[in-house]
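Please read the following walk through a protein chain alongside its sequence and coordinates.

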Amino acid sequence: MDSSVSQDPVVVEPVVNTEKLRELLAWGTEYPTLDFKSECDPSLTRDLVELAKDVGAMSVRGGFLVIGVDKRGRPTGAVTDAQASLFDEARLRPKLLKYLPDSLQICCQDHDLPGGKVVLVHVAANPAGCAFFRADGQYQPPGKSESKVVFREGEVFFRSGTESKRLNQQGLELVIEQRVRRARERWLDDHASEYRRLADELRAGMAGQRVSSGPAVEFNLALESEVLVEATVELLRAGDDIPLRRLLHKVAPEARSLYRAGDEQAVDDLLDQVTRLAATFLNLDRQAWLHRTTDSLVAIYDMAFEGKAEIINEPPQRAAALWLKIIERVEALGALAVRREAWAAVRDLASRKPVGMHHMYASWLRHATTMANRAGIVPSSGGVDTEVSMISCARDTIRRLAELRPDLEADDERILTSLNQFDFLACVVALAATNNDGPGGVYYPHFAKFYGSRTRPIAERLIADQALRQQVYPGDDRQLAEALRQIDGTARQVGFRYDGWEGYSLPVRQFVDANLTG
């Protein structure tokens, strides 16, 4: 397996609610950004020092500590209410600051699960790239005359596999990688004022006029994000579509060149820019342009099939990784379409079938998920099967790209709800396209991993709202009822592992029963 492509499946985000905990426990094993601890009492010096070591190691990339579970993620019942209370951020952070720098950022929440109390701790990546211990960490083992030194002042730990270790060459390279990434982010922040000035000019029509009246080559994906978006708006306002058409015609060739050169970061940046364009068209209700931009994403998706024999069971990892990156962004766009009630866009985003894709798949959504799992993009560990956490990945994309959430703050719960609702509607669209021949290569209910209360409202609306119904499932009531029944059955199987989906609300159950009986 190519370790440069295989990835830690954990989506590290500042979320410590029950849904996130269930998602983490369902992995059933530890990862570099996920550590399971059977017990921990921060009032004991030994436990506090060991906890500080792991938090310090997690500070390189960020991650989660789950307290009160065994190495398979099963509650141990060893955490008491009194111990859990010590993980209140206001109490825990001052204790950790004895050993860790002031830049430490954590958030915690305790949960009552069948089998015992569990605490989830999120550790943010340190802005400096790592955390230097500010004091020795040591404790007196029972029955021993000498103290055990866990770490020394000035040392740095990192996560090597599932262990917290002192910095070595591997760890140093990881720290450097994080420092470079954050330096790039800081550079963009430092230049934000200049970007805003250009954007203000665009809003006033000054730079927009220059773009529309100047050579079309000036309008390209190399523009900074705010400038690109505002220039797009000005071109639409001016009714000049030539620069837009030229830009979209160049997307696939540019992506192909970057992909063949192995420049993964540049490919990611290009995909982000195309996604920003798509979100802009969606927000402005320019469906034709949204469709064309989605065509560009399809062309990039198809690019990974070039020069390959028919891909079925053993996809190349780089190809599978590219497909996954595209679909994360498609899911994010779908969530925005749901919030905008752009049902035609929901159908279009959910139903695309790239030319190179095997005919067994109903859409690129199902294909990307299957290929990522088969290629080992999400590595198995300890004999536990793992799968892509598509909705969490898409949520992280929305958190990064403000154009995907013009209506909401980055961590608004309605974002996660709209992702779940798009995912559900995508399952419905897939069944409509295949005459209810599923699931197989037709659909996969990622929404089932989350609380059903997020998805039930859109199912209720589907049976009552003719505008929505006509776009996503134009079949008759009996056919729709059968599709809903299939999705429910598959979702219950998936949701059981996550304590997620448990079925429809009464109105939808009554609709299904009424149309499938008699």
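Predicted model: local features only at pLDDT ≥ 70, side-chain atom pairs only at ≥ 80, totals over all residues.

Residues are numbered from 1 along each chain as its sequence is written, and side-chain values use heavy atoms, with hydrogens and water left out. The protein chain as a whole averages a pLDDT of 89, and 90% of the residues score at least 70.

The structure has zero disulfides (a disulfide being a pair of cysteine sulfur atoms within 2.5 Å). Cys107 is in no disulfide, and its nearest cysteine sulfur, that of Cys108, lies 6.7 Å away. With 15% relative accessibility, Cys107 counts as buried; buried means under 20% relative accessible area, exposed over 50% and partly exposed in between, with a 1.4 Å probe and protein chains only. Cys108 is buried too, at a relative accessible area of 13%.

Helices (H or I, at least four residues) and strands (E, at least two) are DSSP runs, numbered from the N terminus. Helix H16 (residues 413-433) and helix H17 (residues 456-464) have axes that come within 9 Å and cross at roughly 45°. Axes are lines fitted to C-alpha atoms, for helices over the stretch in contact, and angles run from 0 to 180 degrees between N-to-C directions. H16 is therefore oblique to H17; angles under 35 degrees count as roughly parallel, over 145 as roughly antiparallel, 65 to 115 as roughly perpendicular and the rest as oblique. On the H16 side the contact is made by Gln421, Phe424, Leu425 and Val428, and on the H17 side by Pro457, Ile458, Ala459 and Leu462.

His249 sits in helix H9 (residues 242-260) and counts as exposed at 61% relative accessibility. Its C-alpha atom is 7.8 Å from that of Ser296, 47 residues apart along the chain.

Lys165, in strand E8 (residues 163-166), is partly exposed at 36% relative accessibility. Leaving out residues up to four places away in sequence, Lys165 touches Val156, Phe157, Phe158 and Ser160.

Definitions and conventions. pLDDT = per-residue confidence, 0-100. Contact = heavy atoms within 4.5 Å.
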